[in-house]
Amino acid sequence: MTADVVSALALVARRAAHLSASASSSCPACGRDDDAVLAERADGVVVRHGDAVAKAHADTTDPADHRTRLAVAAHPLLSGILLPPLPTAAAEVSGRPVTSWPYGTPVDPEDPAAAPWEETGTLLARLHSVPLDALSRTPLPPMRGPAKVARALARLRAASPPAPHPPLAETAPVHHAAATLPPWVRGEAPPPPSPRALCHGDLHLGQLVRYPGSGGDWLLIDIDDLGVGDPAWDLARPAAWYAAGLLPPSAWEGFLGAYRAARGPAVPAHGDPWPRLDVAARALTVQTTALALAKCAAEHREPDDVERSMIDACARIAAIPPELGVGAPS
């Protein structure tokens with residue numbers, strides 16, 4: 001990412017912060033070097049100035065879908081669920097759409113015991129319960145969760161060294177686990193009919209902030225994958241982490257219990273949730289591990305302990321007989 005893009009985003013964030021501030025007060029971030037780069041990746045760059053952030057979305061972003069997603073985020077029905085965008089003029093940086101948002105306090109990665117899993121379950125249930133026909137006259141784009149599995153596998157294949165060099169030994173369980181997934185999950189066939197709800201599409205704890213300030217309510221952020229799809233996919237990453245042993249049972253039970261208490265439609269109100277979550281959870285395990293190993297290859301390093309836990313989870317998936325593929329994790 002060039003310095004010009006970061007500088008342009010800092011200007012957008014500065015304008016947004018000044019517009020949102022009281023006319024009688026000065027911006028506390030001005031006068032000192034407080035333009036902070038919060039994220040700098042190919043799929044998004046985020047720069048903060050004071051109480052506002054500006055985000056440059058991926059250059060592959062579909063403009064029409066982006067406008068629809070942005071309008072949904074600003075819709076009154078999403079109040080208290082999604083962080084609303086700031087009402088600033090449309091902008092572009094290097095051909096990438098740019099949006100402005102209030103700054104919210106993120107989840108503290110150093111305090112896993114305080115992670116808001118129950119609040120996340122409640123927010124997801126509320127998001128999934130928003131009536132689709134009340135949101136937009138423009139057809140809502142599809143939630144991009146399932147499509148990301150095929151892209152992750154493609155990245156892993158592209159990261160493998162060319163012959164005659166052998167690929168990372170750890171890639172075999174990922175490809176074997178991927179082979180157990182239905183063809184539509186791998187992008188090889190149209191998806192079957194499924195429940196339809198407004199979905200986040202990329203749910204993890206990095207997608208939550210407190211607003212306003214550190215004592216505000218938890219809200220979801222990031223609209224890049226927002227759209228219509230099977231709500232089970234929004235529960236899939238926590239389910240996959242739980243199945244891999246990375247999410248404690250108490251956190252999983254709190255998340256799932258809060259989702260059910262808020263009448264989320266992705267799983268039955270009572271009983272075993274895994275028949276609804278199995279395919280999506282296995283798919284997210286494959287996706288997460290494929291991306292992790294592609295990163296290992298790019299950085300010329302061995303997988304760390306967390307990544308090895310995901311590799312082990314893929315090996316367990318690959319070893320499950322097809323007739324036993326739906327059920328509680330083991």
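Let's start with a cluster of charges: R144, K148, D202, D225 and R237 are linked in a network of salt bridges. Keep in mind that this is a predicted model. The structure holds 13 salt bridges, and a few of them are worth a visit.

R237 forms a salt bridge with D202, and their closest N and O atoms sit 3.4 Å apart. R237 belongs to helix α6 (residues 236-243), while D202 is in the loop between β7 (197-199) and β8 (208-211), so the pair ties together parts that are 35 residues apart in sequence. Buried means under 20% relative accessible area. R237, at 12%, therefore counts as buried, and so does D202, at 13%.

Next, look at R276 and D230, whose side chains meet in a salt bridge at 2.7 Å, N to O. This pair also links distant parts of the chain, with R276 in helix α8 and D230 in the loop between β10 and α6, 46 residues apart. R276 is partly exposed at 26%, whereas D230 is buried at 12%.

D230 leads us on to a pocket. Which residues lie nearest the centre of the second largest pocket? They are P146, W184, P191, S194 and D230, out of 30 lining residues. Helix α8 (274-299) gives two or more residues to this lining, and so do α4 (145-159) and β10 (227-229). The most come from α8, with 6 residues. Sorted by type, the lining has 21 nonpolar, 3 polar and 6 charged residues. The space inside comes to about 550 Å³.

Finally, E299 pairs with R301 in a salt bridge, the closest N and O atoms being 2.6 Å apart. E299 is partly exposed at 41%, and R301 is partly exposed at 26%.

Note on methods: Residues numbered from 1 in each chain as written. Predicted model: local features only at pLDDT ≥ 70, side-chain atom pairs only at ≥ 80, totals over all residues. Heavy atoms only, no water. 1 Å grid on protein atoms, 1.4 Å probe; cavity = no way out; pocket = protein on both sides within 12 Å on 5 of 7 lines; lining within 4 Å. Points joined across faces, edges and corners; volume = space filled by probe spheres on them. Helix = DSSP H or I, 4+ residues; strand = E, 2+ residues; numbered from the N terminus. Nonpolar A, V, L, I, M, F, W, Y, C, P; charged D, E, K, R; others polar. Salt bridge = Lys/Arg side-chain N within 4 Å of Asp/Glu carboxyl O. Buried < 20%, exposed > 50% of the residue type's maximum accessible area, 1.4 Å probe, protein only.
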